[in-house]
Amino acid sequence: MASVPEIKTPEIVASDAPAEPPIELPRFQLALDQFPMQRVEVPKSIKVEVVSGPGRKVLRVSGGSLDASPSGKTGGVSVRVSDAFERAASGARIRVQVVVRAADRMRESEFLIAYSTCDVGNSGWQRMWAGAEFETFSFEWDVPEMLHGNGDFVGILPEQDSAIEIAEVAVSVVPPISIAADHAIISSIQEFNARWRELDRSYSTARRLLLGDPRWIYGPLNVKETVRPLIDLMGERLVGAMCCDTGCGVSNVLGNSTLLYLNGARGGYAFDLLEPHDLARSAEALYDLLAACLMLPDEYHINPRFSRDAFMSRVRDFDFKALLAGDLYNGARNVPIEHEARSIYDLPLDKGPFDLTFSRAVLEHIPDLGSALVRLFALTAPGGVHRHVVDFVDHRSYTSPQFNAWSFLTQGDDWAVGVPNADVSNRLRPSEVEACFSGARFAVKASPWPPEPAPMPDEVYDAIVEPFRKFPRAELETLLVTYLATKPG
Ligand SMILES: C[S@@+](CC[C@H](N)C(=O)[O-])C[C@H]1O[C@@H](n2cnc3c(N)ncnc32)[C@H](O)[C@@H]1O
């Protein structure tokens, strides 16, 4: 039997006892207007000057080097925290907070922050984008227990061609999260009812920040965005359908299959060439999705052809305790959804037949797409439907400004030497992908997005090499296509 999650409002006991004094948490803040000062060290390659900011002096910093290290005193402008803070931070969770804006206020400036113990490791560089206005940027890190205590440092490093202005650098110890603390917050909010606006604002800000964090983009909203078009496509056929998430990724590996199942699918099979990146995080992401379904059923119960009661009852079939404990497969043991690490080329036929097969940003990574689609055809039920979103952009352009969407079409066959595996593409163009579907005997319809292609600059077009030059320019300019394919019934 699946364990049924208890959804109870926390019991809040009114008390006449005097409120406990707030606990002072260790904190260290640097008064930057006193620069230069002992606590701040600046590597030779970096230029620092004190300039007037709004109502206070700020530090303008430029000239960071790409290979600066986040370890030791860090290769950025390094601020040594007080010895008292270093001791307090040992074994604790800390929050590093800087107030920064771009020095050139016409464009955003990228910069990095790190917390280094000079002893038991460092947080690694945390990448941030500063805009025209001063803004607080922060991250949290669990500091390991101190061994020798050689000094702790906050490093700040502008990207090579960027300049930033720093108004504040502070570090604080983050209080451990406790149920008691949660209750205290809830009671104080109930007591000062007017404060709900504050809570609402902080909640919205927190969600926005979390959504911008790569560790969170695979959260409930992302799953809903992926699954909604599938439910629209399937209509009443979703109820009782067997679904296949092709190349489900390595983060929230059961997310899409779960939301389809909760909305009426009979079951789901999700596979990816790679093992999940972090099983515990996948379990947590699934827990978040189920919690969102319980709290906001109007948003996650999408299929009007499947009853709300049945949706809710399916949510409760998951083992929430196991998921919270980071055990993904146990958490989903009572529901007919499955995940495996496998290649698309060797999917066992007994996993099918599938009524709905879908993928997002996967088919462009499959070198022998023709054979893979023949395999998927064999696994598709007669009349079964496919929806695949294919991204034709050179993925290197997502992380590195030296590349554009078409860079790999200007290079020879050795373009992928040294390119991370996840970014290697088969470089097929939209009509070739369509031909692979037809060749595998699917009836296929391709819908480019946006309907009007992105114009390619002339100098990029002139640099395109064979065999890509043979394609019409409009096809080269098409960067995202959704393929709807069916296996004739
Ligand atoms: C860009 S990710 C997309 C992941 C996911 N669909 C999403 O939307 O977040 C591409 C995925 O395709 C997977 N992949 C690449 N080659 C594959 C293969 N031969 N068989 C199965 N999965 C593959 C990769 O491991 C990777 O997780």
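A residue is taken as near a molecule if its C-beta atom, placed from the backbone, lies within 6 Å of it. The model is predicted: local features need pLDDT of at least 70, side-chain atom pairs count only at pLDDT 80 or more, and totals for chains, interfaces and linings use all residues. Residues are numbered from 1 along each chain as its sequence is written.

The ligand is surrounded by 15 residues, the closest being Gly247, Gly249, Leu273, Ile344 and Arg360. This shell comprises eight nonpolar, five polar and two charged residues, where Ala, Val, Leu, Ile, Met, Phe, Trp, Tyr, Cys and Pro count as nonpolar, Asp, Glu, Lys and Arg as charged, and the others, Gly among them, as polar.

A nonpolar core is a set of buried Ala, Val, Leu, Ile, Met, Phe, Trp, Tyr and Cys residues joined through C-beta atoms within 7 Å; buried means that 20 or more other C-beta atoms lie within 10 Å of the residue's own, exposed 12 or fewer, and partly exposed in between. The largest such core has 63 residues, and Cys243, Leu286, Leu290, Leu356 and Phe437 have the most contacts inside it. Helix 6 (residues 279–295) gives the most to this core, with seven residues. Helices (H or I, at least four residues) and strands (E, at least two) are DSSP runs, numbered from the N terminus. Another core, of 35 residues, lies apart from the largest one and includes Phe28, Leu30, Val77 and Val169.

Methionine 312 is located in helix 8 (residues 308–315). Methionine 312 is partly exposed, because 14 other C-beta atoms lie within 10 Å.
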